[in-house]
Amino acid sequence: MTQFLFRTLAGLLTSDGSLARCLVEPGVFRSDLDARARVQLFKSLVNYVEFEPHAYCNRTCVFCPNSTLDRKNNREVFDRVLHRKVLNELAEIDYSGTVAYSRYSEPLAREEIFDYITEARRTLPRAYLKIITNGDYLSHDRLQRLQSLGLNYLAVSIYLPEAVAWSQQTSLEQIEKFSKRIGIGFQIRRKTRTSVFADFTKNLSGMRMDARCHDFGPGRQGFDRGMSVAWLSPSSFVRKAPCLFVFRNFTMDFNGNVMPCCNLRSDYSQHAPYVLGNVSNETVFNIFSGPLFVQWRQTLSPFTPKPPPCRHCQDAPMTGMRDKLLTAALNLLSS
(Lines give C-alpha, C1' and ligand atoms only; values in the text may rest on other atoms or scores of the structure.)
Protein backbone atom coordinates (compact mmCIF):
# COMPACT_ATOMS: atom_id res chain seq x y z
CA MET A 1 0.00 0.00 0.00
CA THR A 2 2.81 2.39 0.90
CA GLN A 3 4.53 1.80 -2.45
CA PHE A 4 1.25 2.37 -4.31
CA LEU A 5 0.65 5.69 -2.55
CA PHE A 6 4.29 6.66 -3.08
CA ARG A 7 4.12 6.00 -6.83
CA THR A 8 0.80 7.84 -7.07
CA LEU A 9 2.31 10.88 -5.36
CA ALA A 10 5.39 10.62 -7.54
CA GLY A 11 3.18 10.78 -10.61
CA LEU A 12 1.58 13.98 -9.34
CA LEU A 13 4.99 15.54 -8.71
CA THR A 14 6.57 14.78 -12.06
CA SER A 15 8.90 17.31 -13.67
CA ASP A 16 11.88 16.85 -15.96
CA GLY A 17 14.45 17.31 -13.19
CA SER A 18 12.80 15.49 -10.32
CA LEU A 19 13.27 12.07 -8.81
CA ALA A 20 9.53 11.58 -9.20
CA ARG A 21 9.86 12.03 -12.95
CA CYS A 22 12.47 9.25 -13.04
CA LEU A 23 10.56 6.84 -10.83
CA VAL A 24 7.47 6.83 -13.01
CA GLU A 25 9.31 6.40 -16.32
CA PRO A 26 8.13 3.09 -17.87
CA GLY A 27 10.76 0.38 -17.63
CA VAL A 28 13.15 2.25 -15.34
CA PHE A 29 13.38 -0.75 -12.97
CA ARG A 30 13.15 -3.48 -15.62
CA SER A 31 16.00 -5.28 -17.36
CA ASP A 32 13.83 -7.27 -19.78
CA LEU A 33 12.92 -4.41 -22.12
CA ASP A 34 13.00 -4.94 -25.86
CA ALA A 35 15.45 -2.98 -28.02
CA ARG A 36 13.02 -0.18 -28.82
CA ALA A 37 12.06 0.32 -25.17
CA ARG A 38 15.73 0.44 -24.13
CA VAL A 39 16.41 3.22 -26.60
CA GLN A 40 13.34 5.10 -25.40
CA LEU A 41 14.31 4.78 -21.73
CA PHE A 42 17.76 6.22 -22.38
CA LYS A 43 16.29 9.03 -24.47
CA SER A 44 13.72 9.88 -21.80
CA LEU A 45 16.06 9.92 -18.81
CA VAL A 46 19.74 10.46 -19.62
CA ASN A 47 20.79 14.09 -19.93
CA TYR A 48 24.48 13.90 -18.97
CA VAL A 49 26.96 11.71 -20.86
CA GLU A 50 30.53 11.86 -19.57
CA PHE A 51 33.68 10.70 -21.34
CA GLU A 52 37.07 10.38 -19.72
CA PRO A 53 39.15 11.35 -22.79
CA HIS A 54 42.34 9.75 -21.49
CA ALA A 55 43.91 8.58 -18.23
CA TYR A 56 46.63 11.19 -17.63
CA CYS A 57 46.42 13.90 -14.99
CA ASN A 58 49.29 16.23 -14.15
CA ARG A 59 48.13 16.78 -10.56
CA THR A 60 47.92 14.62 -7.43
CA CYS A 61 45.49 16.61 -5.30
CA VAL A 62 45.02 15.27 -1.77
CA PHE A 63 41.22 15.36 -2.09
CA CYS A 64 41.31 13.19 -5.23
CA PRO A 65 41.98 9.43 -5.54
CA ASN A 66 44.77 10.38 -7.96
CA SER A 67 46.81 11.16 -4.86
CA THR A 68 47.15 7.41 -4.31
CA LEU A 69 46.50 6.02 -7.81
CA ASP A 70 49.12 6.64 -10.50
CA ARG A 71 47.65 8.71 -13.29
CA LYS A 72 50.86 10.51 -14.25
CA ASN A 73 52.33 7.44 -15.96
CA ASN A 74 49.10 6.13 -17.46
CA ARG A 75 48.83 7.50 -21.00
CA GLU A 76 45.93 5.37 -22.23
CA VAL A 77 43.51 7.29 -24.47
CA PHE A 78 39.78 6.74 -24.99
CA ASP A 79 39.74 4.96 -28.34
CA ARG A 80 38.75 7.27 -31.20
CA VAL A 81 36.73 4.57 -32.95
CA LEU A 82 34.92 3.84 -29.70
CA HIS A 83 34.27 7.53 -29.16
CA ARG A 84 32.73 7.74 -32.62
CA LYS A 85 30.62 4.64 -31.92
CA VAL A 86 29.10 6.16 -28.80
CA LEU A 87 28.44 9.48 -30.53
CA ASN A 88 26.69 7.69 -33.39
CA GLU A 89 24.49 5.84 -30.91
CA LEU A 90 23.58 9.13 -29.28
CA ALA A 91 22.84 10.58 -32.72
CA GLU A 92 20.20 7.87 -33.19
CA ILE A 93 18.10 9.61 -30.54
CA ASP A 94 19.09 13.16 -31.58
CA TYR A 95 20.69 13.56 -28.15
CA SER A 96 20.52 17.18 -26.95
CA GLY A 97 21.78 16.87 -23.38
CA THR A 98 25.26 17.51 -22.02
CA VAL A 99 28.35 15.71 -23.31
CA ALA A 100 31.16 16.28 -20.80
CA TYR A 101 34.88 15.52 -21.02
CA SER A 102 36.42 15.27 -17.57
CA ARG A 103 36.55 12.53 -14.89
CA TYR A 104 39.96 11.90 -13.26
CA SER A 105 42.05 13.05 -16.21
CA GLU A 106 43.07 16.53 -17.28
CA PRO A 107 41.26 16.82 -20.64
CA LEU A 108 43.46 19.58 -22.08
CA ALA A 109 46.69 17.68 -21.42
CA ARG A 110 46.40 15.93 -24.80
CA GLU A 111 45.65 17.25 -28.28
CA GLU A 112 42.99 14.60 -28.84
CA ILE A 113 40.49 16.72 -26.94
CA PHE A 114 40.15 19.02 -29.94
CA ASP A 115 39.32 16.06 -32.18
CA TYR A 116 36.74 14.83 -29.66
CA ILE A 117 35.02 18.22 -29.55
CA THR A 118 35.07 18.45 -33.35
CA GLU A 119 33.48 15.00 -33.70
CA ALA A 120 30.94 15.61 -30.98
CA ARG A 121 29.78 18.91 -32.46
CA ARG A 122 29.52 17.43 -35.96
CA THR A 123 27.67 14.30 -34.80
CA LEU A 124 25.47 15.90 -32.13
CA PRO A 125 24.65 19.43 -33.31
CA ARG A 126 22.13 20.00 -30.50
CA ALA A 127 24.26 18.67 -27.63
CA TYR A 128 25.72 20.91 -24.93
CA LEU A 129 29.48 20.28 -24.97
CA LYS A 130 31.40 20.77 -21.74
CA ILE A 131 34.98 20.41 -20.50
CA ILE A 132 36.08 20.46 -16.85
CA THR A 133 39.74 21.42 -16.53
CA ASN A 134 42.31 22.51 -13.96
CA GLY A 135 43.40 25.23 -16.39
CA ASP A 136 47.08 24.33 -16.32
CA TYR A 137 47.20 23.70 -20.09
CA LEU A 138 44.88 26.51 -21.07
CA SER A 139 46.13 29.44 -23.15
CA HIS A 140 44.43 32.25 -25.06
CA ASP A 141 45.00 30.44 -28.36
CA ARG A 142 43.61 27.15 -27.04
CA LEU A 143 40.63 28.97 -25.62
CA GLN A 144 39.83 30.52 -28.98
CA ARG A 145 40.30 27.16 -30.67
CA LEU A 146 37.78 25.49 -28.36
CA GLN A 147 35.36 28.31 -28.95
CA SER A 148 35.67 27.96 -32.72
CA LEU A 149 35.01 24.20 -32.51
CA GLY A 150 31.68 24.76 -30.80
CA LEU A 151 32.40 24.09 -27.13
CA ASN A 152 29.53 25.42 -25.02
CA TYR A 153 31.02 25.48 -21.54
CA LEU A 154 34.52 25.44 -20.06
CA ALA A 155 34.53 24.94 -16.27
CA VAL A 156 37.88 25.71 -14.65
CA SER A 157 38.89 24.47 -11.19
CA ILE A 158 41.63 26.71 -9.84
CA TYR A 159 43.87 25.37 -7.08
CA LEU A 160 46.18 27.24 -4.76
CA PRO A 161 49.85 26.29 -4.46
CA GLU A 162 50.36 23.70 -1.72
CA ALA A 163 52.12 26.13 0.61
CA VAL A 164 49.37 28.76 0.35
CA ALA A 165 46.50 28.71 2.85
CA TRP A 166 43.04 29.25 1.41
CA SER A 167 41.28 32.57 1.92
CA GLN A 168 39.05 34.71 -0.22
CA GLN A 169 41.99 37.01 -0.88
CA THR A 170 44.41 34.26 -1.94
CA SER A 171 41.67 32.80 -4.15
CA LEU A 172 41.09 36.14 -5.83
CA GLU A 173 44.82 36.54 -6.40
CA GLN A 174 45.04 33.09 -8.00
CA ILE A 175 42.03 33.75 -10.24
CA GLU A 176 43.52 37.08 -11.29
CA LYS A 177 46.84 35.40 -12.08
CA PHE A 178 45.05 32.83 -14.21
CA SER A 179 43.08 35.58 -15.95
CA LYS A 180 46.24 37.43 -16.96
CA ARG A 181 47.84 34.24 -18.25
CA ILE A 182 44.99 33.44 -20.64
CA GLY A 183 44.27 37.06 -21.53
CA ILE A 184 40.58 37.05 -20.58
CA GLY A 185 38.97 39.35 -18.04
CA PHE A 186 36.66 38.12 -15.28
CA GLN A 187 33.95 39.18 -12.88
CA ILE A 188 33.38 37.74 -9.43
CA ARG A 189 29.98 36.07 -9.31
CA ARG A 190 29.88 34.86 -5.73
CA LYS A 191 32.02 34.54 -2.61
CA THR A 192 31.39 32.26 0.36
CA ARG A 193 33.37 31.19 3.40
CA THR A 194 34.85 28.30 1.42
CA SER A 195 34.59 29.23 -2.26
CA VAL A 196 35.06 31.99 -4.82
CA PHE A 197 33.29 31.82 -8.19
CA ALA A 198 34.25 33.94 -11.21
CA ASP A 199 32.78 34.40 -14.69
CA PHE A 200 34.95 34.97 -17.75
CA THR A 201 32.89 36.80 -20.37
CA LYS A 202 35.16 39.03 -22.44
CA ASN A 203 35.38 37.98 -26.12
CA LEU A 204 33.71 34.63 -25.42
CA SER A 205 30.41 35.02 -27.24
CA GLY A 206 28.74 31.67 -27.71
CA MET A 207 30.79 29.91 -25.04
CA ARG A 208 30.44 30.07 -21.30
CA MET A 209 33.53 29.95 -19.12
CA ASP A 210 33.78 30.19 -15.36
CA ALA A 211 36.19 29.31 -12.60
CA ARG A 212 35.93 28.30 -8.99
CA CYS A 213 38.51 28.18 -6.24
CA HIS A 214 37.51 26.08 -3.22
CA ASP A 215 38.92 25.60 0.23
CA PHE A 216 39.80 21.91 0.27
CA GLY A 217 40.91 21.85 3.88
CA PRO A 218 39.55 19.17 6.25
CA GLY A 219 35.81 19.50 6.67
CA ARG A 220 35.52 22.12 3.94
CA GLN A 221 35.02 20.79 0.40
CA GLY A 222 35.24 17.52 -1.47
CA PHE A 223 33.56 14.12 -1.62
CA ASP A 224 34.95 10.77 -0.54
CA ARG A 225 34.62 9.43 -4.10
CA GLY A 226 32.96 6.16 -3.23
CA MET A 227 34.93 5.85 0.02
CA SER A 228 38.24 5.96 -1.90
CA VAL A 229 39.42 9.13 -0.11
CA ALA A 230 39.11 8.02 3.49
CA TRP A 231 39.68 11.36 5.19
CA LEU A 232 36.72 12.84 3.29
CA SER A 233 34.31 10.16 4.51
CA PRO A 234 32.13 11.79 7.18
CA SER A 235 31.61 8.78 9.46
CA SER A 236 28.82 10.54 11.36
CA PHE A 237 26.86 11.02 8.12
CA VAL A 238 24.99 8.17 6.43
CA ARG A 239 23.24 9.02 3.21
CA LYS A 240 19.51 8.30 3.15
CA ALA A 241 18.51 10.46 0.21
CA PRO A 242 18.12 8.85 -3.21
CA CYS A 243 20.61 9.60 -5.98
CA LEU A 244 19.67 10.94 -9.40
CA PHE A 245 23.03 10.08 -10.95
CA VAL A 246 21.99 6.49 -11.72
CA PHE A 247 18.90 7.80 -13.50
CA ARG A 248 20.31 10.79 -15.36
CA ASN A 249 24.02 10.13 -15.98
CA PHE A 250 25.99 7.81 -18.23
CA THR A 251 29.65 7.80 -17.19
CA MET A 252 32.56 6.24 -19.12
CA ASP A 253 36.16 5.71 -18.01
CA PHE A 254 39.15 6.11 -20.33
CA ASN A 255 39.03 2.36 -21.03
CA GLY A 256 35.37 2.33 -22.09
CA ASN A 257 34.10 0.92 -18.81
CA VAL A 258 30.77 2.35 -17.67
CA MET A 259 30.42 3.26 -14.00
CA PRO A 260 27.27 4.05 -11.96
CA CYS A 261 28.42 7.62 -11.38
CA CYS A 262 31.34 10.03 -11.56
CA ASN A 263 32.52 9.17 -8.04
CA LEU A 264 33.40 5.58 -8.94
CA ARG A 265 36.27 4.50 -11.20
CA SER A 266 37.19 1.17 -12.70
CA ASP A 267 40.96 1.56 -12.12
CA TYR A 268 40.43 1.55 -8.35
CA SER A 269 40.42 -2.05 -7.12
CA GLN A 270 37.54 -1.58 -4.66
CA HIS A 271 35.39 -0.08 -7.41
CA ALA A 272 36.19 -2.71 -10.06
CA PRO A 273 33.15 -4.85 -9.06
CA TYR A 274 30.88 -1.92 -9.89
CA VAL A 275 31.63 -1.83 -13.63
CA LEU A 276 28.30 -1.96 -15.47
CA GLY A 277 29.62 -2.88 -18.91
CA ASN A 278 31.93 -1.62 -21.63
CA VAL A 279 30.84 0.44 -24.62
CA SER A 280 33.21 -1.51 -26.86
CA ASN A 281 30.92 -4.53 -26.90
CA GLU A 282 27.50 -3.14 -25.88
CA THR A 283 25.38 -0.16 -26.87
CA VAL A 284 24.81 2.64 -24.39
CA PHE A 285 21.12 1.72 -24.44
CA ASN A 286 21.71 -1.91 -23.49
CA ILE A 287 24.07 -1.00 -20.66
CA PHE A 288 21.69 1.60 -19.25
CA SER A 289 18.81 -0.89 -19.25
CA GLY A 290 20.93 -3.86 -18.20
CA PRO A 291 20.41 -5.76 -14.94
CA LEU A 292 23.45 -4.20 -13.21
CA PHE A 293 22.34 -0.63 -13.87
CA VAL A 294 18.76 -1.50 -12.90
CA GLN A 295 20.01 -2.93 -9.61
CA TRP A 296 21.79 0.32 -8.80
CA ARG A 297 18.62 2.31 -9.48
CA GLN A 298 16.63 0.00 -7.24
CA THR A 299 19.19 0.34 -4.43
CA LEU A 300 19.56 4.12 -4.63
CA SER A 301 15.94 5.16 -5.19
CA PRO A 302 14.47 4.62 -1.67
CA PHE A 303 14.88 7.06 1.21
CA THR A 304 16.85 4.55 3.26
CA PRO A 305 20.49 4.24 4.46
CA LYS A 306 22.75 3.53 1.52
CA PRO A 307 25.31 0.70 1.46
CA PRO A 308 28.97 1.12 0.47
CA PRO A 309 30.34 2.68 -1.63
CA CYS A 310 27.57 5.27 -1.33
CA ARG A 311 27.23 5.20 2.46
CA HIS A 312 28.89 8.57 3.15
CA CYS A 313 28.30 10.26 -0.21
CA GLN A 314 27.24 13.89 0.02
CA ASP A 315 27.29 14.53 -3.72
CA ALA A 316 24.16 15.54 -5.61
CA PRO A 317 21.98 16.25 -2.57
CA MET A 318 18.25 16.35 -3.23
CA THR A 319 17.23 19.97 -2.72
CA GLY A 320 14.33 20.44 -5.15
CA MET A 321 10.96 21.30 -3.62
CA ARG A 322 9.21 18.39 -5.37
CA ASP A 323 11.74 15.92 -4.04
CA LYS A 324 11.52 17.41 -0.55
CA LEU A 325 7.77 16.92 -0.65
CA LEU A 326 8.33 13.38 -1.87
CA THR A 327 10.70 12.73 1.02
CA ALA A 328 8.25 14.09 3.57
CA ALA A 329 5.39 12.09 2.08
CA LEU A 330 7.30 8.83 2.08
CA ASN A 331 8.42 9.34 5.69
CA LEU A 332 4.81 9.98 6.65
CA LEU A 333 3.53 6.96 4.79
CA SER A 334 6.23 4.75 6.30
CA SER A 335 5.67 5.85 9.91
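**A side chain and a helix**

Biologist: Which residue's side chain is joined to that of Asn-66 by a polar contact of 2.9 Å?

Modeller: This is a predicted model, in which local features need pLDDT of at least 70 and side-chain atom pairs pLDDT 80 or more, while totals for chains, interfaces and linings use all residues. Residues are numbered from 1 along each chain as its sequence is written, and side-chain values use heavy atoms, without hydrogens or water. A polar contact is a pair of N or O atoms within 3.5 Å; within protein, one must be able to donate a hydrogen and the other to accept it, and residues adjacent in sequence count only if both atoms are side-chain atoms. The partner of Asn-66 is Arg-265.

Biologist: Is Asn-66 buried or exposed?

Modeller: Asn-66 lies in the loop between strand 1 (48-51) and helix 4 (80-91); helices (H or I, at least four residues) and strands (E, at least two) are DSSP runs numbered from the N terminus. A polar atom of the Asn-66 side chain lies 2.9 Å from the backbone oxygen of Tyr-104. Buried means under 20% relative accessible area, exposed over 50%, partly exposed in between (1.4 Å probe, protein chains only). With a relative accessible area of 4%, Asn-66 is buried.

Biologist: Which exposed residues does helix 6 carry on the face turned away from its buried side?

Modeller: The buried residues of helix 6 (residues 140-149) are Arg-142, Leu-143 and Leu-146. They lie on the same side of helix 6 because they cover an arc of only 105 degrees around the axis, taken from the directions from the helix axis to the C-beta atoms. The face turned away carries Asp-141 and Ser-148.
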